[in-house]
Amino acid sequence: MIKKKPNIVLILADDLGFSDLGCFGGEIQTPNLDQLATGGLRFTQYYNSARCCPSRASLLSGLYPHQAGVGEMDEDRETPGYRGYLKDQCVTLAEVLKDSGYHTYLSGKWHVGERGPIERGFDEFYGLFGGFTSFWNQPDYIRLPKGRAKREYSDYEFYATDAITDHALDFIQEARQDEKPYFLYLSYNAPHFPLQAPKEDIAKYEQIYEKGWDHIRETRLARMKELGIVSSDTSLTPRSEYWDRDRVIQGVNPAWDAIDPDRQKDLAKRMAIYAAMIDRMDQNIGRVIDDLKEKGELDNTLILFCSDNGACAEWDPWGFDDWISTSNFLHRKEDLDRMGQQDSYHSYGSGWANACSTPLRLYKHYGHEGGISTPLIAHWPEEVTRIGEIDHRPGHFIDFMATFVDISEASYPQVYNGHNILPMEGESMLPAFYGEAAEERIFCFEHEQHCGIRKGKWKLSKIKEMDWELYDMENDRTELHNLRDTYPDLVEEMKKIWDEWANRTDVYPRFN
């Protein structure tokens, strides 16, 4: 029995790789998230929905993304699963918790369509309504409801990650004016491209990444084994494939030592900026933790940290410097110093995304483990009793709604604003918090016709143009040994389950 309704802080990173955090094996400095991990519980097999909009729709609704209307991005394709906004047949975490007496706040990225956060249950909002923009461009970050005061920054003072945290702290300070608990959805747009960060944070990492992605992959896997994030017999995947379907480009990430030295410098700088963005996000999460400690609220606050999809490989090993044309520029000499600053726009490419997904296969967009696996941290001293432990049970973003309903004693509606509401798809995480045994579950995935289904220890994965592959997740989390021909009956059984799920959840009909 929960003693008192907890505050809830749900922190979402954008395009963070599975192994980027220090507490998941990475070399990036994340002491505040590491502190939450050692004082809480880490989950290694929790799943998102492979891309920003679908994952956010699932996280907010407790449904699979197509059921909520956001099977792909925020464009209305005029079929039930692809409306590009949260449909009337779902409720959000904010709507459910608000009806249970919570203040509800969103600071950061919305990106689930034109029906905005205030219309979907949030009391206050600051941040980015759409997908992505410069971290230095203050006018792109808005305050709702209209007329609310927002902080103003000088031209060289504004940085989005800092401003998102500033407003989050303002919101929870406002919540303390009465005795009601609060729900804060802290939805950072870091480390999504454009890769931009303060120079002092970038400088910490430039020499580290000059060693290249092959070295980083090997050292990360060794640390992951030491930490117990993966089993000691886990194999590193070969360098992953990459695709740019618009430009009809396909290949395999090259060996670092085979790359021209000028290109190595350019790529090392891109990864240093990415790492700096994560470092800065962790610094800001530390500000929130310190505030909760100072106000005596940390012990009865559930903090969940996760990422919306796997690392971003868009679209080839060199990355791009222009989102519209996806063109790449090779930065040399003094131009390297301007990378990551106000007039820059970079991604880091598929080679570094492969490293950030260590040791998993593929990345964002795909139903393979590198696309759908999130590092997940749960910290709640009053209830998460498994301090510092690591839990390998599979779970999914659909579980957040069931968990929040459970711990807040909220009522999940059958009808809301006159609309019939689909039942929750997930299960409460409380049994995991208490160390109870896990039962076998089934999870399904689809994004851009890349598919997956997890049933107990078995997983089918499929790239759009290719056939289904079968993997034993207990012995082959990195999806290297396709057992499709060994267990044909199991493949057919799982394909049938996936097809039934796809028809039930509005994956079909697709749009033209």
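Reader: What are the ground rules?

Author: This is a predicted model, where local features need pLDDT of at least 70 and side-chain atom pairs count only at pLDDT 80 or more, while totals for chains, interfaces and linings use all residues. Residues are numbered from 1 along each chain as its sequence is written, and side-chain values use heavy atoms, with hydrogens and water left out.

Reader: What is the strand order in the nine-strand sheet?

Author: The order is β5-β4-β3-β6-β1-β9-β10-β2-β11, in an open sheet with mixed pairing. The edge strands are β5 (142-144) and β11 (389-396), each pairing on one side only. From one strand to the next, the twist averages 15°. Strands here are DSSP runs of E with at least two residues, helices are runs of H or I with at least four, and both are numbered from the N terminus. Two strands pair if DSSP finds at least two bridges between them.

Reader: Which helix packs on that sheet?

Author: Helix α2 (residues 52-61) does, touching β1, β3, β6, β9 and β11. The direction of α2 makes about 170° with that of β6. Axes are lines fitted to C-alpha atoms, for helices over the stretch in contact, and angles run from 0 to 180 degrees between N-to-C directions.

Reader: Is β3 buried or exposed?

Author: Strand β3 (residues 103-109) is mostly covered, with seven of its seven residues buried. Buried means under 20% relative accessible area, exposed over 50%, and partly exposed in between (1.4 Å probe, protein chains only).

Reader: Switching to α9. What span should it have?

Author: At 1.5 Å a residue, the 34 residues of α9 (residues 261-294) should span 50 Å, and the end C-alpha atoms are 49 Å apart, which agrees. The expected span is 1.5 Å times one less than the number of residues. Of the 34 residues in α9, 26 are buried, so the helix is largely enclosed by the rest of the structure.

Reader: Which residue caps the N-terminal end?

Author: Asp260 caps α9 there, with a side-chain oxygen 3.0 Å from the backbone nitrogen of Asp262. After α9 comes Gly296, whose phi is positive, near 70°.

Reader: And α1, which residues are buried?

Author: In α1 (residues 31-38), Asn32, Leu33, Leu36 and Ala37 are buried. They cover an arc of only 145° around the axis, which puts them on the same side of α1. That arc is taken over the directions from the helix axis to the C-beta atoms. On the other side of α1, Pro31 and Thr38 are exposed.

Reader: Last one, Arg77. Where is it?

Author: Arg77 is in the loop between α3 (65-68) and α4 (93-99). Its relative accessible area is 34%, which makes Arg77 partly exposed.

Reader: What is it in contact with?

Author: Leaving aside neighbours within four places in sequence, Arg77 is in contact with Tyr82, Arg83 and Phe511. Contact means heavy atoms within 4.5 Å.

Note on methods. Polar contact = N/O pair within 3.5 Å; in protein donor to acceptor, adjacent residues only side chain to side chain.
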